[in-house]
Amino acid sequence: MKLYGHATSPYVRKVRIALREKNIRFEWIEESPHDAGNHIAALNPLGKVPVIETDDGQVFFDSALIIEYIDTLTPERLIPGTTPERLRALLWNTLGMGLVDATAARLLEGRRPAPQKSQEFIARQEDKIARALAWADKADRGAAYLVGERFSIADLGLALALEYIDFRYPHDWRGKHPRLARWLAGISTRGSFAETVPPGMEKALDAPH
């Protein structure tokens, strides 16, 4: 199996973490859709990463679909099978991906030239992030894992998002949400997270919190 993507993409990192959690062997091919001669456009008509090419030549793109696929490859699932737990886990994952989307949107808008930059748009993204963090901190959940007694897509989605916020929108969210900060501290020690830290993120994660 081959995974195509660039290391700083949170969507690519999500797949890399999932593959490591499930102990699935894969070849990591670091490419951006903007690299000359890259394979991305030939594999994914949308020209986006991540992309997976399976051993038998099937191609899957979009992190959500890829994780649905690789979750079928081992008996222990990241996405719970029972309806109540499945829906709760997917809700947490949706919250995490919304945080990633808002953080990425804020980042890209902030990189626009000053005359084209919308501070109102940036403020809207920051408000979304603040409200989602407050919701996550107060919501009913487990102490070690968000849903059930083991690591799931819920923990993957939210922890990935919180580390991405530290990377691309560093601010003292922990001071307002200590319960959420304690939960992340436990998840971040997992090998799948430590082994997939993108270049540049190390400094953000090592900074005093």
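## The sheet and its helices

Helix α1 lies across β1, β2 and β3 (51-53), and runs at about 155° to β1. This is a predicted model: local features need pLDDT of at least 70, side-chain atom pairs count only at pLDDT 80 or more, and totals for chains, interfaces and linings use all residues. Residues are numbered from 1 along each chain as its sequence is written, and side-chain values use heavy atoms, with hydrogens and water left out. Helices (H or I, at least four residues) and strands (E, at least two) are DSSP runs, numbered from the N terminus. Axes are lines fitted to C-alpha atoms, for helices over the stretch in contact; angles run from 0 to 180 degrees between N-to-C directions.

Helix α3 also packs on the sheet. Helix α3 touches β3 and β4, and its direction makes about 130° with that of β4. Contact here means heavy atoms within 4.5 Å.

## Strand order

The open sheet has four strands, in the order β2-β1-β3-β4, with mixed pairing. Strands β2 and β4 (59-61) stand at the edges. Each has a single partner strand, so one side of each is left without a neighbour in the sheet. From one strand to the next, the twist averages 20°.

Two strands pair if DSSP finds at least two bridges between them. Strand β1 (residues 2-5) pairs with β2 in the parallel sense, over four bridges. Lys2 stands opposite Glu27 in β2.

## Nonpolar cores

A nonpolar core is a set of buried Ala, Val, Leu, Ile, Met, Phe, Trp, Tyr and Cys residues joined through side-chain atoms within 4.5 Å. Buried means under 20% relative accessible area, exposed over 50%, and partly exposed in between (1.4 Å probe, protein chains only). The largest core holds 52 residues. Ile70, Trp92, Leu158, Leu162 and Trp183 touch the most other members. Two or more residues come from each of α1 (10-21), α3 (63-70), α4 (83-110), α5 (119-138), α6 (153-168) and α8 (178-187). Helix α6 gives the most, with eleven residues.

Leu162 touches Leu133, Trp173, Leu180, Trp183 and Leu184, not counting residues up to four places away in sequence. A second, separate core has seven residues, among them Val12, Ile40, Leu43 and Val49.

## Buried loop residues

Ser32 is in the loop between β2 (27-30) and α2 (40-43). Ser32 is buried, with a relative accessible area of 14%. Leaving aside neighbours within four places in sequence, Ser32 is in contact with His6, Asn38 and Ile40.

Ile79 lies in the loop between α3 and α4. Its relative accessible area is 7%, so Ile79 is buried. Its contacts beyond four places in sequence include Glu68, Arg86 and Ile153. Ile79 and Glu68 are eleven residues apart in sequence and 8.0 Å apart in space, C-alpha to C-alpha.

## Aromatic rings

There are three aromatic pairs. Rings of Phe, Tyr and Trp (its six-membered ring) pair if their centres lie within 6.5 Å; planes under 30 degrees apart count as stacked, over 60 as edge-to-face and the rest as tilted. Phe60 and Tyr69 have ring centres 4.5 Å apart and planes at 20°, so this pair is stacked. Both residues, Phe60 and Tyr69, are buried. Phe151 and Phe193 form an edge-to-face pair, at 6.4 Å centre to centre and 80° between the planes. Phe151 lies in the loop between α5 and α6 and Phe193 in helix α9 (residues 191-194), so the pair ties together parts that are 42 residues apart in sequence.
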